[in-house]
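Here is a short tour of a model, with its chain contacts and its packing in view. Have a look at the structure first, and then we can walk through it together.

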Amino acid sequence: MRSAHRRRALGVCLFLAGTVLVGGLDLPASGYEAFRYGMFGFTSGLLGILYAFALTSGGVLWRPAGWLGTILLIYWAAATAMMFRVLLPPPGLVQVGLAVLSAAGAGIIVSRHDRHGAVLALGVVTVMLAVIRFALVPVFWARSDLPNWGPLRIGASADAMRDFFVAYIPERPASQALHFLALLLWVLALWLQWRPPQDESSLTAGVGESP
Amino acid sequence: MGFGQLAEPAGASDAPTALEWAGWALLALLTLAVVALTLLRPTDPAGVLNEIRLAAGFDRYEAAMEDGDRIYSTVVAELQQTEKSDLDHRRSLYALLARAVERYGIARREAEGFYEDQRAQIRLARTYQLWARSLLEDGTGKWYQRNDEETLLRARELVDRALALPDIPGDRRVTLEEMGTRIDRALTPWPIL
């Protein structure tokens, strides 16, 4: 095994581990917790595996033969799952709809014949989720509050209804910077392996070709 | 140089260099940090440092005392902002108090000499007192409501635990005994009798 392949895989894994570490950090806006670390859940985990498979099938992800390929695949799946944990809104009906749409997006990525098209499709899914998660949900949450009118506790009912759609927990603005950093590390990992070391006989088809 | 193009050193040998070993070690460290954060679920940077000090066995007494104090002051601040009706949040704070008690317990085991042990006992009694007072508030209903006996019995148990500490100061003991009496009255169906 060439040392260049090993070093490249190591660099990619380091970026992906950084994604998993930084992406899990939340900074709650209220409460006693200075920070909170949350691992990705079942839905994000499945989406991570699905997208790792789709991106590898589409030739976007470099997968060398042997144990390096296995390690890379595990880190890609975990980091992609963490990316979906960052991008998907909190549990509720909105998350259900977006998770289904994201799963359908994996199908679009597999159907693309060129790597750039596949990455562009992934970017569109990412931007769509980010807009809903970071722009739409906080505004909806902040403006859907109702006061309690004496014995009529319509405020409590409104909160329960709101949680049915999205159980949002406000976070400090710095949280968004952390989550952006996690996505940036994921992109850097993708960039690092875009052109794998040459003379590799076990590259997946199409990887390393000139765009 | 385009997207993803990196220069590779020509004729590099296959053996890992010291820098590469350092990279693998860093990867292992990052992965370990993720696992530790997931399992230990820390909520404060100071808590992480104290956890490391406790695990490493470096000045365990002070680390346990500092962590207990940090948790206690957090709970005091949170209880002031928490409504009595928010039982879920109050229960999560009681879980934190249990953790503070556990920390002071470690401090007592690690104490060297009488004064260190007494210092830990005083903090332990203070924690039990706060916990019992809060449970007394939770368990006492309005004049037309029945008191929650289970919660009150738990409060009484905590007061008894605090009173069982051998070296707490007299004024703290008196305060705890008064609280015990109040809990006993709340437990009595007809306090006037």
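This is a predicted model: local features need pLDDT of at least 70, side-chain atom pairs count only at pLDDT 80 or more; totals for chains, interfaces and linings use all residues.

## The main core

Which residues have the most contacts inside the largest nonpolar core? They are Leu16(A), Ala79(A), Met82(A) and Ala189(A), in a core of 54 residues. A nonpolar core here is a set of buried Ala, Val, Leu, Ile, Met, Phe, Trp, Tyr and Cys residues joined through C-beta atoms within 7 Å. Buried means that 20 or more other C-beta atoms lie within 10 Å of a residue's own, with C-beta atoms placed from the backbone.

Several elements give two or more residues to this core, including helix 5 (115-143) of chain A and helix 1 (18-40) of chain B. Helix 3 of chain A gives the most, with 13 residues. Helices (H or I, at least four residues) and strands (E, at least two) are DSSP runs, numbered from the N terminus. Apart from this core lies another, of 28 residues, among them Ile71(B), Val75(B), Ala155(B) and Ile183(B).

Residues are numbered from 1 along each chain as its sequence is written, while chains are lettered from A and ligands numbered from 1 in the order in which they are written.

The pLDDT is the predictor's confidence in each residue, from 0 to 100. Chain B averages 87, and 91% of its residues score at least 70. For the complex, the predictor gives an ipTM of 0.84 and a pTM of 0.75.

## Where the chains meet

In all, 24 residues of chain A are in contact with 25 residues of chain B; contact means C-beta atoms, placed from the backbone, within 7 Å. On the chain A side, helix 1 gives the most, with 10 residues.

Helix 1 of chain A packs against helix 1 of chain B at an angle of about 25 degrees, their axes 10 Å apart. Axes are lines fitted to C-alpha atoms, for helices over the stretch in contact, and angles run from 0 to 180 degrees between N-to-C directions. The two helices are therefore roughly parallel to each other (angles under 35 degrees count as such). Residues making this contact include Leu14(A) and Ala17(A) from chain A, and Trp24(B) and Leu27(B) from chain B.

## Chain A overall

Chain A has seven helices and two strands, and 38% of its 211 residues count as buried.

Methods. A residue is buried if 20 or more other C-beta atoms lie within 10 Å of its own, exposed if 12 or fewer, and partly exposed in between; C-beta atoms are placed from the backbone. Angles under 35 degrees count as roughly parallel, over 145 as roughly antiparallel, 65 to 115 as roughly perpendicular and the rest as oblique. Two residues are in contact if their C-beta atoms, placed from the backbone, lie within 7 Å.
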